[in-house]
Amino acid sequence: MNSSSMAREGHRQARRAADSKVVSAGARAGFAARGVIYLLVGLLAGQIAFQGGGKQADRGGALQEISGQPFGGILLWVLGVALVGMALWRLSEAAFGAAGPDGGKATKRLASGARAVFYAFVAYSVLSFAAGEKSGGGSSDKQSQDITAQALGLPGGQWIVGVAALGVAVAGVVVGARAVLRKYHKHLRMGAMSRRARQFVDVTGVFGGAARGLVFAAAGVFALLAAVDYDPDEAKGMDDTLRSFADTPAGPWLLVLVAVGLAAFGLFSFANAKWRKV
């Protein structure tokens with residue numbers, strides 16, 4: 001067998017590994033883990049809207065909430081491992097292409113690679129928290145301010161932060177718009193759903209995706225202000241971004257709406273765990 005044939009055979013074996021039931025199960029477990037986190041963040045944000053103060057409405061707050069429950073430590077490990085599965089699935093998409101006719105496009109594979117890095121970071125933070133390293137459940141606000149301060153200290157730091165912030169804001173708008181346009185349909189096995197299931201997916205997918213996009217866009221705007229004013233304290237993580245909605249003319253009701261939307265996105269993630277094409 002020549003080197004070309006060996007390379008093709010190696011690629012086929014790697015492709016089969018990427019399509020394996022183990023990788024598929026990891027992806028579905030990852031969606032379920034994402035659902036748990038977003039559902040808890042939504043509930044925590046709702047508590048802030050009605051009671052003020054309260055716990056962090058971000059991933060750190062969700063992890064702390066889980067750790068305080070019976071068998072919470074075990075659940076944290078399960079969530080962390082599930083998110084590793086999500087990262088590996090996204091990595092396989094980056095290497096071999098995603099499901100669907102356009103899954104092999106360079107842009108799609110690049111996006112999958114970025115998602116793999118993101119979920120690897122999230123998995124690491126969850127597993128670190130489960131292992132007793134409490135920084136894994138630290139405040140998203142402090143983390144955002146620390147990262148912004150470090151970036152602003154670099155040569156051309158204002159431009160670096162500004163461009164990154166603009167990217168996050170635009171990404172938030174895109175996420176929300178794609179949800180409203182129901183672009184997620186092509187990623188789901190819609191034909192396998194009952195009419196009620198499709199209605200559930202559309203309500204949670206549109207509402208949840210729009211709320212998630214709004215939070216990302218708002219966080220990007222705050223980071224952009226931090227760049228313009230050269231003030232890292234103006235950057236906000238998810239917790240402070242959510243709390244800022246209560247300071248709008250709509251009062252706490254906008255925060256309530258967004259909180260319900262984030263919880264809906266958690267439910268939409270559970271639907272992905274069942275019906276996603278992987």
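Two residues are in contact when heavy atoms lie within 4.5 Å. This is a predicted model, in which local features need pLDDT of at least 70 and side-chain atom pairs count only at pLDDT 80 or more, while totals for chains, interfaces and linings use all residues. Residues are numbered from 1 along each chain as its sequence is written, and side-chain values use heavy atoms, with hydrogens and water left out.

The chain holds 10 helices and 0 strands; helices (H or I, at least four residues) and strands (E, at least two) are DSSP runs, numbered from the N terminus. Of its 278 residues, 42% are buried, where buried means under 20% relative accessible area, exposed over 50%, and partly exposed in between (1.4 Å probe, protein chains only). Among contacts with a separation of 6 or more, 75% join residues 24 or more positions apart.

Pro252 gives a local example of contact across the sequence. This residue is found in helix H10 (residues 252–275). Apart from neighbours within four places in sequence, Pro252 is in contact with Ala49 and Ala246. With 36% relative accessibility, Pro252 is partly exposed.

Rings of Phe, Tyr and Trp (its six-membered ring) pair if their centres lie within 6.5 Å; planes under 30 degrees apart count as stacked, over 60 as edge-to-face and the rest as tilted. The structure has 6 aromatic pairs. The ring centres of Tyr38 and Phe265 are 4.9 Å apart and their planes stand at 70 degrees, so this pair is edge-to-face. Because Tyr38 lies in helix H2 (residues 21–51) and Phe265 in helix H10, the pair ties together parts 227 residues apart in sequence. Both Tyr38 and Phe265 are buried. Tyr184 and Phe268 form another edge-to-face pair, at 5.0 Å centre to centre and 65 degrees between the planes. Here Tyr184, in the loop between helix H7 (157–180) and H8, is linked to Phe268 in helix H10, 84 residues apart. Tyr184 is buried at 9% relative accessible area, and Phe268 is buried at 6%. Tyr38, Tyr184, Phe265 and Phe268 form one aromatic cluster.

Most residues other than glycine have a negative phi. Phe71, however, has a positive phi of about 60 degrees; this residue lies in the loop between helix H3 (59–67) and helix H4 (72–96) and is exposed at 68%. Tyr230 has a positive phi of about 50 degrees, is located between helix H8 (195–229) and helix H9 (238–245), and is partly exposed at 47%.
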